[in-house]
Amino acid sequence: MPLNSSDDNRTISAFTSKLTPAADICVGLTILSVVLLSVLGNGLVLVICYRRRKKMVGSELLCVNLAVVDFLCCICFYPLSILSSFHHTWLGENVTCVYYGLGCYIFGLCGMFTIAAISIVRYLKTCYSLVYAVWLEGANIRIACCTIWLVSAVWSSFPLFGWGEYVPEPYGLSCTIAWRGYHTSAKDAFYVICSFACFTLVPVLLIVVSQCRILYRVSRFSYSLSARGIRNNLRYAEKRLSMMFFCISLGFVIAWAPYAVVSFLFIFHKGNWYMAPEGFVFPALFAKSSHIYNPFIYFYFNKTFQKELRCLLLSFWPKLGGNKVGVHIATGHQAQYPIHIQLQERGCVQQTNFGLSQERTLSKSKSKSKSKSKSKSKSKATHISSNHVHSRPVYCWGSTSKNAPTLMDIKPAKDPLPVSI
């Protein structure tokens, strides 16, 4: 039966894109690039955190929680917005709109609360470390993560029971809370105001105040050490760590500020026309960019992440580590002091017991050669040198063995030395 009522026409038009087809494709490609970069970056963060899970401290669990939020949000919800952009209409209408709005709001609150918790934990550790050192342990951090998810899920589910509503955004390719529900009923007005005051403004104030206090404390401590002429590596590490969390917090606030301002002004507008649909698109896309840059901030400021990423890449592509030239001196039948040059791969694998036993036997043979005859020592040295030629010991990235011979250990001989490669 054809739909003739005004309510049905309003519903159909609400799920139709208000942008041009070319603009819809641009929006879809933009969100697709956000999804790909976020999945790649946050996926690497999660893999690295899993590799060093036994070495992680309690506060790092909050960074893992933030990476999980960004990763799952891009996997579970943004593909629906991408497909809708390419079809120039919202797919699934009301059912998928509620699913998308509910999920994005849960993960948005989780991200905001997690960054607020990171800021508070960093503030307590920096300013009151002795008082709250016991409290800021792994068990309490896990409880904080569970509380963040629980509060976000409970508050986001209120529109399912009549407190608020999830509706399409003005440009028609995304869904969010009905901010204009402020004018419909007292329950909707209460939910909208609390969403902004308690679940947006308060966390942002906590983030800004905590990060400013941390930077002030760290800079003051660094200045006091510099005035006394004290050089401390711990001071440099603390500054880098503080700058890392400051950039994460500042980036999140900057990314979501335009969208929050536009939505807040939209609450008190009673007319049918507030602004052009493009005015809602750019703040929404800019807010989605908050899922991208956190992994890049981790890898730039945190040297542990850099080393783990290098080891992870070398485990898949060993050739990226290049080759290392090692020089071994051994005696043989052909010449008195032949030099064997051996290529040793760089990787993130510890040296095997086979290589260690060869070094030990080499040192033992050198000590025994002084007491025994020259003929026996030559045969033993020949056997050891042949083992070294065929072996390929593997060293960890940037590490060197104490017993590994180098070019500086070779003493010049009187006779010319033949070289065998």
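## Contacts, core and surface of a predicted model

C175 touches W90, C97, Y100, G101, V167, P168 and E169, leaving aside residues up to four places away in sequence, where a contact means heavy atoms within 4.5 Å. This is a predicted model, in which local features need pLDDT of at least 70 and side-chain atom pairs count only at pLDDT 80 or more, while totals for chains, interfaces and linings use all residues. Residues are numbered from 1 along each chain as its sequence is written, and side-chain values use heavy atoms, with hydrogens and water left out.

C175 sits in strand β2 (residues 175-177); helices (H or I, at least four residues) and strands (E, at least two) are DSSP runs, numbered from the N terminus. C175 and E93 are 82 residues apart in sequence, and their C-alpha atoms are 10.0 Å apart in space. E93 belongs to helix α5 and has a positive phi of about 55° although it is not a glycine. H88, in the loop between α4 and α5, has a positive phi of about 65° and is not a glycine either.

The table lists relative accessible areas, with buried meaning under 20%, exposed over 50% and partly exposed in between (1.4 Å probe, protein chains only).

| Residue | Relative accessible area | State |
|---|---|---|
| C175 | 4% | buried |
| H88 | 30% | partly exposed |
| E93 | 39% | partly exposed |
| F268 | 42% | partly exposed |

A nonpolar core is a set of buried Ala, Val, Leu, Ile, Met, Phe, Trp, Tyr and Cys residues joined through side-chain atoms within 4.5 Å. The largest such core has 82 residues, of which Y78, Y100, W179, I248 and Y298 touch the most other members. Helix α5 (residues 93-127) gives this core its largest share, 19 residues. Y298 touches V45, C63, L66, M244, I248 and F305, not counting residues up to four places away in sequence.

How confident is the predictor, on average, across the protein? The average pLDDT, the predictor's confidence in each residue from 0 to 100, is 76, and 70% of the residues score at least 70. Among the elements, helix α4 (residues 78-87) has the highest mean pLDDT (95), whereas strand β5 (residues 419-420) has the lowest (38). Over residues 366-421 the pLDDT is below 50, although this stretch has 77 contacts in the model beyond near neighbours in sequence. Where pLDDT is low, the predicted coordinates should not be read in detail.
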